[in-house]
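Subject: Structure handover

Hello,

Here is the structure we talked about. Please open it beside this email and follow along.

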Amino acid sequence: MLAYVVSTFVVVLAVWLGFFQKKFKAGGAVDPAWLQRSLKGKTAIVTGANSGIGYETALQLVKQGASVIVASRDVKRATDAVNAINNLTNTTLAEFIHPFDLSSLKSVREFADKVGDRPIDYLINNAGVMFPEWAATEDGFELQYQTNHLAHFLLTKLLLDNVKKVNGRVINVSSFGHNFCRSVDWNDVKGAQAEWTKMVLYGRSKLANVLFTKELAERGIISYSLHPGGVATELARHSGDGLVNFLKTYHQITMMFLKTPWEGAQTTLYAALCDETKVPVGSYLADCDIAGSWNPLVSDKESQRKLWETSEKFVNN
Ligand SMILES: NC(=O)c1ccc[n+]([C@@H]2O[C@H](COP(=O)([O-])OP(=O)(O)OC[C@H]3O[C@@H](n4cnc5c(N)ncnc54)[C@H](OP(=O)(O)O)[C@@H]3O)[C@@H](O)[C@H]2O)c1
């Protein structure tokens, strides 16, 4: 009898938790009216738009009539995404203009050259890697730092006039993981010290996204950073077999706790479509609102300034 009561209780609890989580995990959603607004004549660049959150963001912007440049390193994956978006929307608004590899500053410069002087309404720095084994890029910088921050910093600097021309905005997809880094030497761009674990290196790169956003805002650019939530994407694929196998084995359970990529794209879309007079520029967002908490280093003006200066020095721009 006791076993029956306990097992019934466990089943009911699991079902309840499942429903509760399903509702809760989706987080905030963009006002549906905003998603009906016409973006005809606007242009966006979405980095890493061939998959996950970036793909959903690009698809939605095209649905609303914006032209979207899919900035991706892999020609096949990029072309597949462009074709899928254009087929789904019955348009030709998504385009691939040049391979874009954040682990090569040369590639970033070539891509920016191809963009030329086109006005950019939304520069969405979304691409990223999480917890890969330590590696240096061809430019000599730690891989997560260059991919997630330094190369996006360079892209933004190179396209700043394009953005300014139309009073556009820069959106940096950061992460709750920016909390993993509690002190930082911005000059140590190799991140090779023993205490820099993969997690701390990810945290540092994501902290840089938030600080970079704040400094852009101080310099008069409409900019937001954000945490998209825990989202079921391919992000863990470079993180080692342990995490990947865990996610595969416990897929059904982890799915209960993770947002879909569409749900994960909501805060990026919120950052793109919100009224900048109502949502303070430079804000760190989560669940379509100003985030409830953040790393104390985010409010440190000295870190903000130092990050900008060292980034400029390292990308030579
Ligand atoms: N998923 C989450 O739970 C979560 C949580 C917090 C923050 N985020 C952030 O959300 C952003 C999007 O991630 P996601 O979850 O959508 O993962 P995803 O599906 O793996 O997307 C990441 C994108 O970044 C691209 N990328 C990686 N390295 C690149 C490089 N060197 N050059 C150009 N593109 C590169 C990938 O391209 P390839 O296909 O060529 O690899 C892919 O398109 C990331 O910045 C991530 O840190 C995600």
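A residue counts as buried here if 20 or more other C-beta atoms lie within 10 Å of its own, with C-beta atoms placed from the backbone. Keep in mind that this is a predicted model.

Strand E5

Start with E5, residues 169-173. By that cut-off the strand is mostly covered, with five of its five residues buried. Arg 169, Ile 171 and Val 173 point one way from E5. Val 170 and Asn 172 point the other way. As background, side chains in a regular strand alternate between the two faces of the sheet.

E5 pairs with strand E4, residues 122-125. The pairing is parallel and runs over four bridges. Between the two strands, the chain passes through helix H5, residues 143-165. This β-α-β crossover from E4 to E5 is right-handed.

Strand E6

What joins E5 to E6? Five bridges do, and the two strands run parallel. Arg 169 stands opposite Ile 222 in E6. Val 170 has Ser 223 as its bridge partner there.

E6 covers residues 222-227, and six of its six residues are buried. Ile 222, Tyr 224 and Leu 226 point one way from the strand. Ser 223, Ser 225 and His 227 point the other way. All of these are buried, His 227 included.

E6 also pairs with strand E7, residues 284-286. Three bridges join them, again in parallel. Ser 225 has Tyr 284 as its bridge partner in E7.

The ligand shell

Which residues come nearest to the ligand? Of the 29 residues around it, they are Gly 48, Gly 52, Ala 127, Gly 128 and Thr 233. Helix H2, residues 52-63, gives the most to this shell, with three residues. By class, the shell has ten nonpolar, 14 polar and five charged residues.

One is E6, which is joined to E5 by five bridges and to E7 by three. The other is the ligand shell, where H2 gives the most residues.

Best wishes

Technical notes. Residues are numbered from 1 along each chain as its sequence is written. This is a predicted model: local features need pLDDT of at least 70, side-chain atom pairs count only at pLDDT 80 or more; totals for chains, interfaces and linings use all residues. A residue is near a molecule or strand if its C-beta atom, placed from the backbone, lies within 6 Å of it. Ala, Val, Leu, Ile, Met, Phe, Trp, Tyr, Cys and Pro count as nonpolar, Asp, Glu, Lys and Arg as charged, and the others, Gly among them, as polar. A residue is buried if 20 or more other C-beta atoms lie within 10 Å of its own, exposed if 12 or fewer, and partly exposed in between; C-beta atoms are placed from the backbone. Two strands pair if DSSP finds at least two bridges between them. A crossover is right-handed if, with the strands pointing away from the viewer, the path from the first strand over the helix to the second runs clockwise.
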